[in-house]
Amino acid sequence: MAKVTGIGGLFFRARDPTALAAWYETHLGIGNIQTTVWRQEAGTTIFGPFAADTTYFGRPKQQWMVNFRVDDLDRMMAQLKAAGIAIETRAEWDSEVGRFCRIHDPEGNPIELWEPAGPAK
């Protein structure tokens, strides 16, 4: 059976695509689609549908939340705080799979940052 080998892209609507792409490049290091293709490191990826009534990742009409793996969550949070970006952490989000924090992009989309535990990085 043929199978999917990874995520080839994540596309979403934005009020100002150019400014939003620049924000992701500046603050998260994700290549701007208008100038380059972002090459991510191989690693664990979770593909997880949630119940329609979940409150885990945002507004009731929010259909998705992107989760990015990071190599050093504390350092990433420090960089984001220095840039004036609000960060949310909750002890109940952390588990045997790793540590998490939440931010929102300028258009209000939730972004989860995840530092995997142990060798799964």
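## Basis of the model

The model is predicted, so local features need pLDDT of at least 70, side-chain atom pairs count only at pLDDT 80 or more, and totals for chains, interfaces and linings use all residues. Residues are numbered from 1 along each chain as its sequence is written, and side-chain values use heavy atoms, with hydrogens and water left out.

## Overall fold

The protein has two helices and three strands. From the N terminus, their order is α-β-α-β-β. Helices (H or I, at least four residues) and strands (E, at least two) are DSSP runs, numbered from the N terminus.

The C-alpha atoms fill a box of roughly 45 × 35 × 30 Å along the principal axes.

Buried residues make up 28% of the 121 residues. Buried means under 20% relative accessible area, exposed means over 50%, and partly exposed lies in between (1.4 Å probe, protein chains only). The accessible surface comes to about 8800 Å². Carbon and sulfur atoms hold 55% of this surface. Areas come from the Shrake-Rupley method with a 1.4 Å probe; for residues, only the protein chains shown count as cover.

Contact means heavy atoms within 4.5 Å. Among contacts with a separation of 6 or more, 56% join residues 24 or more positions apart.

Strand β3 covers residues 110–116. Seven of its seven residues are buried, so β3 is largely enclosed by the rest of the structure. In a regular strand the side chains alternate between the two faces of the sheet. In β3, Pro110, Glu112, Trp114 and Pro116 point one way. Ile111, Leu113 and Glu115 point the other way.

β3 pairs with both other strands. Two strands pair if DSSP finds at least two bridges between them. β2 and β3 are antiparallel, over seven bridges. Gly98 stands opposite Pro116, and Cys101 has Leu113 as its bridge partner. The hairpin of β2 and β3 has five residues between the strands. Gly108 takes a positive phi near 90° in this hairpin. β2 is mostly covered, with five of its seven residues buried.

β1 and β3 are parallel, over four bridges. Val66 stands opposite Ile111, and Asn67 has Glu112 as its bridge partner. The covered face of β1 holds Val66 and Phe68. Its uncovered face holds Asn67 and Arg69.

## Aromatic pairs and a charge

The whole structure holds eight aromatic pairs. One of them joins Tyr56 and Trp93 edge-to-face, at 6.3 Å centre to centre and 75° between the planes. Tyr56 lies in the loop between α1 (17–28) and β1 (66–69), and Trp93 in the loop between α2 (73–82) and β2 (98–104), so the pair ties together parts that are 37 residues apart in sequence. Rings of Phe, Tyr and Trp (its six-membered ring) pair if their centres lie within 6.5 Å; planes under 30 degrees apart count as stacked, over 60 as edge-to-face and the rest as tilted.

Tyr56 is partly exposed, with a relative accessible area of 26%. Trp93 is buried, at 8%. The charged end of Arg102 sits over the ring of Tyr56, 4.8 Å from its centre. That charged end also sits over the ring of Trp93, 4.3 Å from its centre. A charge sits over a ring if NZ of Lys or CZ of Arg is within 6 Å of the ring centre and within 35 degrees of the ring normal.

Ring pairs also link Phe12, Trp23, Tyr24 and Trp64 into a cluster.

## A loop residue

Thr45 is in the loop between α1 and β1. Thr45 counts as exposed, at 51% relative accessibility. Leaving aside its neighbours within four places in sequence, Thr45 is in contact with Ile7 and Arg69. Ile7 is 38 residues from Thr45 along the chain, and their C-alpha atoms are separated by 9.0 Å.
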